[in-house]
Amino acid sequence: MKFGIAYANAGPFGHPEPLTHLARTAEEVGIESIWTVEHVVIPVGYQSKYPYDPSGKIPGPENVPIPDPILPLAFAAAVTKRLRLATGILILPQRHPIYVAKEVATLDVLSGGRVILGIGVGWLREEFDALGVPFEERAARTRESVEAMRSLWRDTPEPFEGRFFRWPALESNPKPVQRPGVPIVVGGHTRLAARRAARYGDGFFPGVDTPEKLRDVLAILGEECARLGRNPREIEITAGRAALDLDSVRRYEDLGAARLTLPPPAFDPDGLHAGLHEFGDRVIARL
């Protein structure tokens, strides 16, 4: 079982010293990866319902700082050696795939092949409106963007022709260190998200908080894989939970999870250091 730290660009971790401390301490105790979140803007007074909290609102006020998800990972790459660097998640349909392909490949080169690209379709309609991206097209744009990025990461330039994006043969360099490209993890907790992961994901990151919910959504993943003739074991499963002990880790492992993410145990340096070391001694060292 691998472990990741979620919300790695939230709160104080948007600043150099706390992010350095988080990344280095996580690597020191055996955490495998850090995962950053994304909202480019938060529309004031938004009415869309945040799906991961009963309140329907994102944690914190509307003016909470949410740094770009990729730049903090580049910073973390420079102060670590082994820690994997993941977006959890990047809202792919809001971005042009040519730019995402270039940014992610560059980060993979600079980090020596440590990048995981977690993607989602988004939920905040007002954010899409501000960007001029049709909210109803977000799932189709996501799928096409994945195809487009993988095309750009291939060794031989080739034209791309889709509904939303099209271009002649292009040189996009550097290529990712990881071949045939950076692994793409599909995020989301719904039946549709599970089906998307089956169709084009290297991994699946359902935002569910109990083994029972994970079992249900993985059943949908398996059904779609069977329909497509794909082996579901090809898809790496990442799950999230706020509190973990050895028994719960083993339950998730039995369900097929390869990685579990948890939030930072604290936001102050001393609390973070103590909390991560305690988790390392209590869980990671005993597996």
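Angles under 35 degrees count as roughly parallel, over 145 as roughly antiparallel, 65 to 115 as roughly perpendicular, and the rest as oblique. Keep in mind that this is a predicted model, with local features needing pLDDT of at least 70, side-chain atom pairs counting only at pLDDT 80 or more, and totals for chains, interfaces and linings using all residues. Numbering starts from 1 along each chain as its sequence is written, and side-chain values use heavy atoms, leaving out hydrogens and water.

Select helix H3 (residues 97-111) and helix H5 (residues 138-153): their axes come within 9 Å and cross at roughly 50°, so H3 and H5 are oblique to each other. Now show the side chains at the contact (heavy atoms within 4.5 Å). From H3 you'll see Pro97, Ile98, Val100, Ala101, Val104 and Ala105, and from H5 Ser145, Ala148, Met149, Leu152 and Trp153.

Next, pick helix H1 (residues 16-29) and helix H2 (residues 71-78), whose axes come within 10 Å and cross at roughly 60°. H1 brings Pro16, Leu19, Thr20 and Ala23 to the contact, while H2 brings Pro72, Phe75 and Ala76.

Then go for the largest nonpolar core, with 68 residues. A core here is a set of buried Ala, Val, Leu, Ile, Met, Phe, Trp, Tyr and Cys residues joined through side-chain atoms within 4.5 Å, buried being under 20% relative accessible area with a 1.4 Å probe, protein chains only. Among the residues with the most contacts inside it are Phe3, Trp153 and Leu221. Helix H7 (residues 211-228) gives this core its largest share, 6 residues.

Last stop: another core lies apart from it, of 6 residues, including Tyr46, Tyr50, Ile58 and Trp123.

Methods. Axes are lines fitted to C-alpha atoms, for helices over the stretch in contact, and angles run from 0 to 180 degrees between N-to-C directions. Helices (H or I, at least four residues) and strands (E, at least two) are DSSP runs, numbered from the N terminus. Buried means under 20% relative accessible area, exposed over 50%, partly exposed in between (1.4 Å probe, protein chains only).
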